[in-house]
Amino acid sequence: MSERPGTSERPLRIAIVGAGPAGFFTAGALLKETDFVCSIDIFDRLPTPYGLVRDGVAPDHPSIKKVTGKFEKIASDPSVRFLGNVTFGEEVTRDDLKSRYHRIVYAVGAPADRRLGIPGEDLAGSWPATAFVAWYNGHPDFAGLEFDLSCERAVVVGNGNVAVDVARILVRSSEELARTDIADHALAALRGSRIREVVMLGRRGPAQAKFTNVELKELGKLEGVDVEVVDSDLMLDADSAAVLKSNRTAERNYEILREMSARPSSGAERRIVLRFLTSPVELVGEEGRVTCVRTERNRLVTGPNGYQSAEGTGECRLLDAGLVLRSVGYRGLPLPDVPFDDARGVIPNLAGRVTDGPGGDPVPGEYAVGWIKRGPTGIIGTNKADAAETVRTLVEDLRVEGAGPAPPGGDVEELLAARGVRYVTFGDWINLDEQEKRNGEAEGRPRVKFVRVDDMLRVLGK
Ligand code: NAP
């Protein structure tokens, strides 16, 4: 088999597993390569593409979703196919892909959540924020969840942008939410919400918060919402003061927090309270439901590498709360038959080249990109540079190793059809997309999402 793949007669066949931003940016970077011609199949376990752009980005942030225009253009390239509703490890296995593609790129993201590891974490009413996000965005796996919003106070644990998103969605007026593409079930539940106060707990100080300036500032501009920042939380130790001098985002966050703390309460109906140097140490419940959070005051301790970590002072308080959203980060999950670094929750890799373990040998022909490659950090655009790196690695390997023998298997669509998989093409998605937008028009909303896979397949006549 000496034929050189990568010509228009024999394109290099590449499977991308995961149709989120990392998968699409990878396809885009591959299409730009001039050394070879490739044909790309992008698989996703959902019938809908775009991953967290559809299921993660907050409904009241429509401008962030505009990136789908770029992805649509990539998917419209004749050498790209989208194959949705196909679960890796079930409807197609790693072996199926290895026998049909020269290269596989895993772009599956980080669908699970990190744990707090404190007593009471699994009481009813305590949820990972990631589940709440997926629920209000209409992710089919989460559409059936029921969040009890009948309490007056919710606690959000964490100081990242997801924590800001969920806090904001909890206090935004339902009139505002009704103009977004929030899932109908979430809109109905939030309309009946009795939550008046959301307390956000940061285990470290304001200088170490992970949220970004625009997101923090937006909290202070919400209609009918006061933001309270406790003055004493803004006292800085010398190392934190030094952080502000070297980190522009942290410095600006601090200025915004100062402005917030100086603002008098307007007596608004709802409020957000931002607390720092405070950790939950136990969720306390009655009859299996969370009723309050035991919090502990922290101090910062600077380690030998300069990292400032939170250390409990022993000073504890009880805070009544009927809903707790743990927003302490996403976590990757292992894929069947693919190496996994359990400690980091990623596929072990070197600049995107999959290895058989952390620091191990390369696994030929397999690559990783996005959150499953680097962990759950960065914004959507971060994945563009990340994809460029993985594609660079893939191209370097190709130059050194060649593409290897032509994969013996036939077209994957034949395999899927033979297995009775009701897979969804990009044309199908465009149909769904148009239908969702039409359903939204009548209500003055960008779209009304289908939230059940069966409904999506029924609309498509599958
Ligand atoms: P994140 O930015 O990593 O924030 C996680 C937060 O959880 C940090 O404040 C962290 O504190 C805290 N935390 C971790 N373990 C904890 C524990 N045991 N107890 C208390 N607090 C704990 O993660 P994220 O908010 O899930 O966001 C993921 C990525 O998506 C981020 O890069 C984010 O910027 C991005 N994102 C962007 C947007 C946007 O652009 N609008 C929206 C959503 C998400 P420490 O710092 O002390 O570890």
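Author: A disulfide is taken here as a pair of cysteine sulfur atoms within 2.5 Å. By that rule, the count is zero. The model is a predicted one, in which local features require pLDDT of at least 70 and side-chain atom pairs count only at pLDDT 80 or more, while totals for chains, interfaces and linings use all residues. Residues are numbered from 1 along each chain as its sequence is written, and side-chain values use heavy atoms, with hydrogens and water left out.

The cysteine sulfur closest to that of C292 belongs to C316 and lies 12 Å away, which is too far for a bond. The closest cysteine sulfur to that of C316 is, in turn, the one in C292. Burial is judged by relative accessible area with a 1.4 Å probe and protein chains only: under 20% is buried, over 50% is exposed, and values in between are partly exposed. C292 is buried at 8%, whereas C316 is partly exposed at 41%.

The packing comes next. A nonpolar core is a set of buried Ala, Val, Leu, Ile, Met, Phe, Trp, Tyr and Cys residues joined through side-chain atoms within 4.5 Å. The largest such core has 56 residues, and Y136, L170, L274, L323 and L325 have the most contacts inside it. Helices (H or I, at least four residues) and strands (E, at least two) are DSSP runs, numbered from the N terminus. Helix 6, residues 161–171, supplies the largest share of this core, seven residues. A second, separate core has 42 residues, among them F24, Y50, V67 and A75. In general, nonpolar side chains of soluble globular proteins tend to be buried together.

With contact meaning heavy atoms within 4.5 Å, and leaving out residues up to four places away in sequence, L325 touches W127, A129, F132, F147, V155, V156, V157, V166 and L170.

L274, another of the core residues with the most contacts, is the bridge partner of M200 in strand 10. Two strands pair if DSSP finds at least two bridges between them. Strand 10 (residues 270–275) pairs in the parallel sense with strand 8 (residues 197–201) over five bridges. Strand 9 (residues 225–229) also pairs with strand 10 in the parallel sense, over five bridges; there, E228 has V273 as its bridge partner.
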